[in-house]
Amino acid sequence: VFPLASQHIPAADEFPHSLQVESPADTRALGRQMADLLQGGEILLLHGPLGAGKTCLTQGLCQGLAVTEEVVSPTFTLVNTYTGRLKVHHLDFYRIEEGDDLADIGVPDILDEVFDRQAVLLVEWPRPFAAELTPDQPRLELLALPGSQPDQRLWYLRGVPEVPAQWRQLFTESGDETC
């Protein structure tokens with residue numbers, strides 16, 4: 001039975017920045033814009049219900065990083081790694097329970113690469129992954145929710161310790177910051 005009990009989706013009011021996109025193409029374009037801001041070492045946690053656009057955003061981000069491979073959801077493989085301008089580790093913990101041993105799928109090695117700024121990490125359904133991070137570990141969290149139209153999505157952004165200025169600017173320039 002999905003989603004697993006541990007797969008909590010945070011509330012939109014927990015995210016200070018937001019914007020609205022009208023289509024999957026707009027979601028991929030947002031991902032490409034985000035790719036321009038990446039330097040290596042970033043951790044992006046992607047929240048949202050099934051079908052909200054998390055993988056679509058990742059596809060755009062990978063396009064922006066010049067990844068030439070097909071980018072697909074790692075729901076069943078758990079980890080997909082792509083190489084472009086930066087290495088991208090795309091993880092999906094939809095089927096993982098909190099407390100499962102993430103070392104079995106190589107999470108410590110992936111984190112070493114990210115902490116050494118050799119890679120970027122995107123984690124869908126990140127709640128089981130939270131134990132791998134210290135409370136003050138820098139990260140960006142995005143929440144995707146369906147909008148009022150079938151293809152419309154509302155994207156929300158927060159950061160630890162805060163959202164960097166260039167990311168706030170992206171959300172300000174790309175859409176209405178007060179969805």
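This is a predicted model: local features need pLDDT of at least 70, side-chain atom pairs count only at pLDDT 80 or more; totals for chains, interfaces and linings use all residues.
The volume of the largest pocket is about 290 Å³, and 20 residues line the pocket, with Gly 41, Glu 42, Pro 138, Leu 140 and Pro 164 lying nearest its centre. Two or more lining residues are given by each of strand E2 (43-47), helix H3 (107-115), strand E6 (139-146) and helix H4 (165-174).

The second largest pocket holds about 190 Å³ of space. Its lining is made up of 13 residues, of which Leu 45, His 47, Arg 127, Ala 130 and Glu 141 lie nearest the centre, and the elements that give two or more residues to this lining are E2 and E6. Sorted by class, the lining of the second largest pocket has 6 nonpolar, 3 polar and 4 charged residues.

Two packed helices are described by the angle between their axes and the distance between the axes. Helix H1 (residues 24-35) packs with helix H2 (residues 54-64) at an angle of about 45°, and their axes are 6 Å apart; H1 and H2 are therefore oblique to each other. Their crossing is right-handed. On the side of H1, the contact is formed by Pro 24, Thr 27, Arg 28, Leu 30, Gly 31, Arg 32, Met 34 and Ala 35, which meet Cys 56, Leu 57, Gln 59, Gly 60, Leu 61, Gln 63 and Gly 64 in H2. By class, this contact of H1 with H2 has 7 nonpolar, 6 polar and 2 charged residues.

Conventions
Residues are numbered from 1 along each chain as its sequence is written. Side-chain values use heavy atoms; hydrogens and water are left out. On a 1 Å grid over the protein atoms alone, a cavity is a set of points where a 1.4 Å probe fits but cannot get out, and a pocket is an open set with protein on both sides within 12 Å along at least five of seven lines; lining residues have an atom within 4 Å of a point. Grid points are joined across faces, edges and corners, and a volume is the space filled by probe spheres set on the points. Helices (H or I, at least four residues) and strands (E, at least two) are DSSP runs, numbered from the N terminus. Ala, Val, Leu, Ile, Met, Phe, Trp, Tyr, Cys and Pro count as nonpolar, Asp, Glu, Lys and Arg as charged, and the others, Gly among them, as polar. Axes are lines fitted to C-alpha atoms, for helices over the stretch in contact, and angles run from 0 to 180 degrees between N-to-C directions. Angles under 35 degrees count as roughly parallel, over 145 as roughly antiparallel, 65 to 115 as roughly perpendicular and the rest as oblique. A crossing is left-handed if the near helix is turned anticlockwise from the far one by less than a right angle, and right-handed if clockwise. Contact means heavy atoms within 4.5 Å.
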